[in-house]
Amino acid sequence: MMLLLRTTFAFISFLLFYPLCAQAPLDLKKKQLSADKIAASPIIDGVLDEDIWQLATPAGGFVQNTPRPGEAASRESIVKVVYDDAAIYIAALLQEASPDSILRQMTERDKDGNSDWFGFFLDPYRDGINGFYFLVTAAGVQIDARITPTSVGDNGDYSVVRGEDRNWDAVWESEVQLRSDGWSVEMRIPYAAVRFPKGEEQLWHANFARSVRRLGEVSYWNEVDPQKNGFLNQAGYLTGIKDIKPPLRLQATPFVAVYGEHHYDRYAEDRVTMGRSINGGMDVKLGLNDAFTLDMTLIPDFGEAQSDNQVLNLSPFEVQFTENRQFFTEGTELFNKGNLFYSRRVGGKPLYYDAVSEQLADDEYIADNPQQTRLINATKISGRTKKGLGMGFFNATAARMDATIRNAEGESRLVETNPLTNYNIFVLDQNLKNNSYVNFINTTVLRAGAAYDANVTGMGFNINNKSNTYAVEGRATVSQLYHTDEVELGHAYNFGFRKSSGNFQFGVFHNLESATYNPNDLGILFANNESLFVGWMEYSRYEPFGAFNRGGIGMAHAYERLQDPSVFTGYGIDLWSWAQTKEMWSINLWSSLSPTGKYDYFEPRTPGRYFRVPAVGNVGFFVSTDNRKRFRLSANGNFTFFAEEGRNAIGVEVAPRYQASDKLILEWRLFSGIMKGDVGFVNRVEVEGAPSEIVFGRRNRRDVTNTATVNYAFSKNSSLSFRMRHNWSRVAYFSFDYLQEDGSLLPSFYSGIHDTNFNAFNIDMIYRWRFAPGSDLYLIWKDAILNFEEQSMWDYYDNVSRLFDNPQTNSLSLKIIYFLDYRSLSSRLNSSRRSH
């Protein structure tokens, strides 16, 4: 606790005495557009025939970002902006000589698909690194997101803005219309959808963008140079907005969900079991002031979240799953500072889930052991002041969980697998001049009873020079585990320097994690006890050359040591190249080589022991045909070879996609992998009269994953998605060895059975209808099979034929979410009173 107080005091002292500059000074070289105030709001229909649009100040002169950076856009675009006391309005006329060539694929919300689009990018606090965007495709589909400290990706498209949060959903209006001279867009963005500082007159960073999909062209009103570091800092200015006030932002989304479940196990005494439930809860969003917002979920339900991609894990590290729950993906950018927050910990696997079997008596078995804790509630408070200080507070509570143990007489008892647990995160993030920042984060996990508590505290910084061409960055973190009789301390730090703009970029980086550093109660770290040194360089060209629109090559060297004891563990070289052809094909090639091999201190699962991995190399590729075409094929592959006879690996994935119409798209992904002569930990055995032996096995592994998706958009507010995934893994051992003290292997007489056949099958079918602004109806069908067997050495086709003999769970649910907004309700009530 004293360490936390001292660190917080040091951070606050820095904020008080460092010359802050959250808002960049006015750059007279940038474009400016003045918004006109209006007395009556336009009808949002995409038809730009109101007088206000004829009188508003136009903005044009878009500049290409890709494929020809710096050149004038090939199509003229005219944008106009007006405002009133409730919202800002944008109109865009996007000229096109051949309107029938405009790509207009219909998709579900927040997916651009194969469509032209127009976008409005906004940075109200003018810090150059935080903002919002609102996009509309030519099919009328809305896409919105928050932008966090980042830069545009290599292809210049908004969709690869690193750090974007597309799970953030605002409620706003838009419509599009096809015209004889192109297409037009009309937007209404209420002030409740964004955050801006109080003041008599607003001066915002703003930019407008257009994508002409069939040309692979993206252009911006104020030029965005792909060679420069940053994105929002390259926006122009929106001026003239006066005397507007941040509205009261109070919104609620109550929901109700009805579930029915069918479980089938042909080998169980009760082959079929049924269940049903009704859940209800509410999400609340409250604007505490002009800058800060409280988000709360009460009795949450995440039934619409996509099922996890389960895999067979033979490594010493856990599997990291993607977060698919909206509350934990929306508006969490502040809490992800320092990579100390892995949201799947909240409501995740119980703390003592794997220890239940150790408490069984001879005649007992595990009747029930829930794999996830039940989340009671979660709350977020986040925002950023006018001076660029971002603050965030996160709190969540998970219920106590118990496993049920039963004996042969049918008697049951409960064993605690997770105590009542509270999770906390506190973040401070100060923007500095030149798109720089410094931040502080503290995470705490408090558990009821005798279970240990955990705390992690970290500070980080990124400092750019005035021209945004060079940067230094670093971070220092301390972890503390509070056991009953001791406190376990660990630490980590990193430091780097890089050239971040221009065709030629380079950098050096050092990272150290102590042997006792452990942020995994609320974060995720696969391997601590590391000292890593990296140097890299990359040369990229963003203008067309030869047969390419753009491309680059790079190289990196990595030198690794253990932190304690300080011993060499490995050295590696990486080479890569990337390119986009003039036919809009994407190509990536890479290779890596570890000529010294590796001293692996984690695979033996025993402190102080290591396994000597021989020299290893890898080559890989990725290629994708023209993404604008109705049929696209992508493929990637990896080939790994070892300096050991009979040991190698290959993995190849192909992914054809077919756009059958502007509403229907089909995609299939097939991955096939073979590992021959793979070597890994198997067991630890006791040997009479000698120390225990660590057993390694030599094995052949086969992996096949099929993923089929079908998406059909009935309209911009109604869609159906179907996803089916089957992962099959087979592991066959052909010999076993004992691990020696020098990391080598010695043949053994061990004869344990560890052959494995693994299946993970899921179907997620979701119908979504946005029946009112911010309000959704979900109809969801899920099917799940998860099976792990020993000694089943079927081939792939035999395995598939037996797949549905395994225990299977089907669920059908209906969830209705209704959006309530205080301002809208108040306006309706006032109108009703006046009418009476």
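In this predicted model, strand S24 (436-447) and strand S25 (453-464) each supply at least two residues of the lining of the second largest cavity, which has a volume of about 30 Å³. The residues that line this second largest cavity are Thr 443, Thr 444, Val 445, Ala 454, Asn 455, Val 456, Pro 519, Asp 521 and Leu 522. Sorted by class, the lining of the second largest cavity comprises five nonpolar residues, three polar residues and one charged residue.

At least two residues of the lining of the largest cavity come from each of strand S8 (131-137), strand S9 (142-147) and strand S19 (375-384). When the lining of the largest cavity is divided by class, six residues are nonpolar, four are polar and six are charged. In general terms, rolling a probe the size of a water molecule over the atoms is what shows where empty space is left.

Aromatic side chains were examined next, and the count of aromatic pairs comes to 42. One of these pairs is formed by Phe 426 and Phe 440, whose arrangement is edge-to-face, with 6.4 Å from centre to centre and 65 degrees between the planes. Phe 426 belongs to strand S23 (residues 421-432) and Phe 440 to strand S24, so that the pair, with its members 14 residues apart, links distant parts of the chain. The two partners can also be described by their accessibility: Phe 426 counts as partly exposed because its relative accessibility is 29%, whereas Phe 440, at 1% relative accessibility, counts as buried.

A further pair is made by Phe 611 and Phe 696, which is classed as tilted because the ring planes stand at 40 degrees, the ring centres being 5.0 Å apart. Since Phe 611 lies in strand S34 (residues 611-613) and Phe 696 in strand S39 (residues 690-715), the pair ties together parts that are 85 residues apart in sequence. Both Phe 611 and Phe 696 are buried.

Beyond these pairs, one aromatic cluster is formed by Phe 302, Phe 327, Phe 328, Phe 335, Phe 341 and Phe 394. Within this cluster, the ring of Phe 327 has the charged end of Lys 380 sitting over it, at 4.2 Å from the ring centre. Another placement of a charged residue over a ring involves Arg 447, which lies over the face of Tyr 452 at 4.7 Å from the ring centre.

Pro 226 is found in the loop that runs between strand S13 (217-220) and strand S14 (236-242), and Pro 226 counts as buried because its relative accessibility is 17%, the limit for buried being under 20%. When neighbours within four places in sequence are left aside, the residues in contact with Pro 226 are Asn 65, Pro 69 and Tyr 542. For Asn 65, the separation from Pro 226 is 161 residues in sequence, while the distance in space from C-alpha to C-alpha is 6.8 Å.

Technical notes. Residues numbered from 1 in each chain as written. Predicted model: local features only at pLDDT ≥ 70, side-chain atom pairs only at ≥ 80, totals over all residues. Heavy atoms only, no water. Helix = DSSP H or I, 4+ residues; strand = E, 2+ residues; numbered from the N terminus. Buried < 20%, exposed > 50% of the residue type's maximum accessible area, 1.4 Å probe, protein only. Contact = heavy atoms within 4.5 Å. Nonpolar A, V, L, I, M, F, W, Y, C, P; charged D, E, K, R; others polar. 1 Å grid on protein atoms, 1.4 Å probe; cavity = no way out; pocket = protein on both sides within 12 Å on 5 of 7 lines; lining within 4 Å. Points joined across faces, edges and corners; volume = space filled by probe spheres on them. Phe/Tyr/Trp six-rings, centres within 6.5 Å; stacked < 30°, edge-to-face > 60°. Lys NZ or Arg CZ within 6 Å of the ring centre and 35° of its normal.
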